[in-house]
Amino acid sequence: MSATHGYPAEWESDVVLTDGGTAHVRPIRPTDADALVALHARLSQETIYLRFFTPHPVLSTLEIERFTQVDYDDRMALIAELDDEMVAVARYDRNPGGDGTEAEVAFTVDDVHQGRGLGTILLEHLAVIARAHGITRFVAETLPQNRRMRDLFHAAGFQDATSFTEGVVRVVFPIEPTEASEAAMHDREQSASARSVERLLRPRSIAVIGAGRRRGTIGHEILRNLLDGDFAGPVYPVHPTAPHVASVRAYPSVIDVPDDVDVAVIVVPASQVLEVVEQCATKRVRGLVVISAGFAETGPNGAEAERELVRRARAHGMRMVGPNCMGVVNTAAGVSMNATFAPVPPRAGRVAFSSQSGALGIAVLEQSSRLGLGVSTFVSVGNKADVSTNDLLQYWERDDGTDVVLLYVESFGNPRSFSRIARRVSRRKPIVAVKSGRSAAGTLAATSHTAALASPEAAVDALFRQTGVIRVDTLEQLFDVAHVLTHQPLPRGGRVATRAVPASWRPTRARVRAWRCRSCRRTPGASCGRSCPRLPRCATRSTWWRRPPPPTTAARSARCWPTPGSTPSSSSSSRPS
């Protein structure tokens, strides 16, 4: 056996479960003895029998010491924590015989949390660690009736070989990554991420924590928008002293709300957010939308507070949008959620939008309403400390109410994952993106309000080209492309022609002054005050003709061209340009 290694903190991670919840996975420590005993005490007799092949109600002192004291090389154990409790443990022990490339694995999952994908996640993590230590295959012995264990290996995509001896099924499988195991892992990740976002975008009840009594405050406007938008569920304002807000009964804390709360919208000062998150954990809230600012965008201290905020939310199984965001929208029938402080209500439609900028998000919702471009869902990710663009893409990929995805991106937290996910999603639904920070001023603006680090432009262009993302430069272009993709049906075949207009032909102010309208014959901008009211439309659609040679003296004195009924002289004839 190798010497004991130091605690490998690099193997700690937060994971998303198949039902959309979260858990924290880390290597076991000797100090986890009490938590392990508590986990064993909560197990059912059936689970204990399937794990130990015999009734085993109490762990002995030697077993506890062996299970919690490992060398992180030949013997390794991972635990999953939720709400500060150990809810699952998985381990491998390298077999002493042979070439040292085989290890035996075992799993234990709390009965309450079985079926949430914890076993599969722990197996995937164990396999990565084992490969790093020279192990190439796992061996497991299980009872014939323990189909859940064998299904776990199949769910991970490993090709196993089984044999039956003396009433025990022996399963052997290589742990080298294969196409099947990679596909299974990505599919599990996609399903888990989509489910976690769904919990935030399709809640059955919402609490607005920090709903002010006065109109114009952010919390009050969010509450008003939820009520005015006919949210399909109860809305609970939370205010420490007010008995009611907007004619709705208020509660001093989220814990005092008598019914279940699916999503909490937090609009309190940054110094109070962590306390509110702990209250939400006590209430078993399923998701958080943190509007409050004052985190990573303010500097190192704010960044540390943001990391602690994420750690606490994930430790209690909650996904979080924000902080420093403007909220979320879902116009789907049966939801009708407008949990933002935008002054204009969104129109229902089939376009999904994600924005890192709250101010830009308000402008987008207003402009989309004016243009008649309906929104299916809108998410202002803010500092995207937890829920990111990658999570949203995986949700929108399976959302039947979304046809087109629009993105306003200031930075990429995980470009490799974005590349893999966006390439897959863009095959099914078009993705159109505006990337900020092309100029020094744009980079500074992005950094100032979301703490985003701008990516090099060449790398961004290459990333978008490789993934099939349509990049545009302005919001006007974003809406134009969205209109085409939403309302123009796809061509039936490959008979498509493209017309490109050279930049030298585009209508500029100087060129427009040299044109006249085919219908009214006037020059745009003529000082007679009768310039064509259709100038912008006509100019862009090439319905203007070049100005002919100078007009007659009479026409010049009138400071406009002859009316359509007059007969121009031969010198003033013109032809289309």
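Helices (H or I, at least four residues) and strands (E, at least two) are DSSP runs, numbered from the N terminus. What you're looking at is a predicted model, where local features need pLDDT of at least 70, side-chain atom pairs count only at pLDDT 80 or more, and totals for chains, interfaces and linings use all residues. Residues are numbered from 1 along each chain as its sequence is written, and side-chain values use heavy atoms, with hydrogens and water left out.

Let's start with K384, which sits in the loop between strand 19 (375-380) and helix 11 (389-398). K384 is buried (under 20% relative accessible area with a 1.4 Å probe, protein chains only). Even so, K384 has no salt bridge, meaning a side-chain nitrogen of Lys or Arg within 4 Å of a carboxyl oxygen of Asp or Glu. The nearest side chain of opposite charge, E410, is 8.1 Å away (Lys and Arg count as positive, Asp and Glu as negative; His and the chain ends are not counted).

Now for the largest pocket, with about 1,200 Å³ of space. A pocket is an open set of points on a 1 Å grid over the protein atoms alone, where a 1.4 Å probe fits, with protein on both sides within 12 Å along at least five of seven lines; lining residues have an atom within 4 Å of a point. Grid points are joined across faces, edges and corners, and the volume is the space filled by probe spheres set on them. Of its 44 lining residues, D14, E189, N414, S417 and R420 are closest to the centre. Helix 6 (179-201) gives the most to this lining, eight residues.

Methods: Buried < 20%, exposed > 50% of the residue type's maximum accessible area, 1.4 Å probe, protein only.
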